[in-house]
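I opened my notebook to go through this one step by step. Here is what I looked up, in the order I got to it.

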Amino acid sequence: MSTTQATTNQAPLIRVRGLANRFGQHSVHEDLDLDLYAGEILGVVGGSGTGKSVLLRSIVGLLRPSAGHIEVFGEDLQRLSDSERSRIERRFGVLFQRGALFTSLTLQENVALPLIEHAKLDRADAEALARVKLALAGLPGEAAIKYPAELSGGMIKRAALARALALDPEVLFLDEPTAGLDPIGAAAFDRLILTLRDALGLSVFLVTHDLDTLYTACDRVAVLSRRRVLVADRLDVVAATEDDWIHDYFHGPRGRAAQQAAHPVEDP
Ligand SMILES: Nc1ncnc2c1ncn2[C@@H]1O[C@H](COP(=O)(O)OP(=O)(O)OP(=O)(O)O)[C@@H](O)[C@H]1O
């Protein structure tokens with residue numbers, strides 16, 4: 001696995017080594033290595049079924065790996081007790097692919113839930129803070145008392161992001177955050193992720209199929225292929241890697257369009 005010089009000088013925030021995930025006879029990951037550095041937005045890509053979500057779930061503690069080590073903030077997750085592990089996991093915010101909000105709760109009640117449960121705030125304080133988080137995620141004030149069914153897909157994503165930010169995480173995990181959004185909504189969401197990273201100093205692990213997201217938001221890109229991370233590096237290095245999937249993905253019509261949109265050729 002290659003990596004940029006700039007990132008090799010600092011200790012990674014998350015260090016995955018020799019990871020294996022197997023479901024019966026089906027091996028999804030074998031001997032997978034990956035690092036996430038402080039303050040970076042790492043895009044994780046790969047063909048369907050290459051195990052991007054499984055990797056995310058192993059890191060955030062929802063799936064126990066079959067083998068290997070995951071170190072987070074310098075601690076090996078497998079060696080920690082359940083309570084120590086949940087102390088670490090509290091420093092994560094996760095936006096799942098089907099970022100389900102509770103349909104019977106308003107947005108501010110949804111976002112207040114982790115604040116009541118984990119930060120032990122009373123309901124009024126939790127909902128006041130929830131409104132701040134909803135604003136941070138770019139939602140207008142009046143959205144706070146709406147129910148998910150009353151909102152567009154883009155607004156629901158933002159509300160789910162607000163909930164992921166509720167406990168002031170240091171690392172944000174996003175599983176296909178722009179899936180299902182129209183191109184304008186997706187571009188706005190990419191900008192929001194960048195703004196939040198800069199404003200809050202977040203580190204971001206971002207699973208995506210969206211080439212525009214890679215070009216506009218990601219500092220590095222990791223490609224999952226053949227059960228491991230084939231390459232994790234700057235986009236230009238990744239796009240130049242000799243591999244059939246990488247070639248088709250980055251140099252097909254969609255890849256060329258995304259690159260063109262990110263770096264338009266100026267008229268003479
Ligand atoms: N709990 C599970 N039990 C058995 N197999 C599983 C389980 N979770 C995931 N898998 C399998 O692991 C493989 C990788 O799944 P995963 O959802 O991580 O892929 P992905 O790269 O995120 O795909 P996509 O891009 O389509 O979302 C799939 O073949 C899936 O069926």
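This is a predicted model: local features need pLDDT of at least 70, side-chain atom pairs count only at pLDDT 80 or more; totals for chains, interfaces and linings use all residues.

**Helix packing**

I began with a pair of helices: Leu107, Gln108, Glu109, Val111, Ala112, Leu115 and Ile116 in α4 meet Arg123, Ala126, Glu127, Leu129, Ala130, Arg131, Lys133 and Leu134 in α5. I sorted that contact by class and got nine nonpolar, one polar and five charged residues.

Next I checked the geometry of the pair. Helix α5 covers residues 123-136, and α4 packs against α5 at an angle of about 115 degrees, the axes being 8 Å apart. The crossing of α4 past α5 is right-handed.

Helix α4 is residues 107-117 and helix α6 is residues 153-164; their axes come within 8 Å and cross at roughly 25 degrees. Angles under 35 degrees count as roughly parallel, and therefore α4 and α6 are roughly parallel to each other. I noted the handedness here too: α4 and α6 make a right-handed crossing. On the α4 side, the touching residues are Leu107, Asn110, Val111 and Pro114, while α6 puts in Ala159, Ala162 and Arg163. By class, I have five nonpolar, one polar and one charged residues for α4 with α6.

**Domains**

I moved on to the domain assignment. It gives domain 1 as 6-91 + 169-230 and domain 2 as 102-168. Taken over C-alpha atoms, the centres of domain 1 and domain 2 are 24 Å apart. How many residues does each domain bring to the contact? I found nine residues from domain 1 and nine residues from domain 2. On the domain 1 side, helix α7 (residues 183-200) supplies the largest share, three residues. That side of domain 1 divides into six nonpolar, two polar and one charged.

**The ligand**

Last, I looked at what sits around the ligand. My list reads Phe23, Val28, Gly46, Ser48, Gly49, Thr50, Gly51, Lys52, Ser53 and Val54. Which helix gives the largest share of this shell? I get helix α2 (residues 52-59), with three residues. Sorted by class, the shell around the ligand has three nonpolar, six polar and one charged residues.

Conventions: Residues are numbered from 1 along each chain as its sequence is written. Axes are lines fitted to C-alpha atoms, for helices over the stretch in contact, and angles run from 0 to 180 degrees between N-to-C directions. Helices (H or I, at least four residues) and strands (E, at least two) are DSSP runs, numbered from the N terminus. Angles under 35 degrees count as roughly parallel, over 145 as roughly antiparallel, 65 to 115 as roughly perpendicular and the rest as oblique. A crossing is left-handed if the near helix is turned anticlockwise from the far one by less than a right angle, and right-handed if clockwise. Two residues are in contact if their C-beta atoms, placed from the backbone, lie within 7 Å. Ala, Val, Leu, Ile, Met, Phe, Trp, Tyr, Cys and Pro count as nonpolar, Asp, Glu, Lys and Arg as charged, and the others, Gly among them, as polar. A residue is near a molecule or strand if its C-beta atom, placed from the backbone, lies within 6 Å of it. Domain bounds come from an automatic or database domain assignment.
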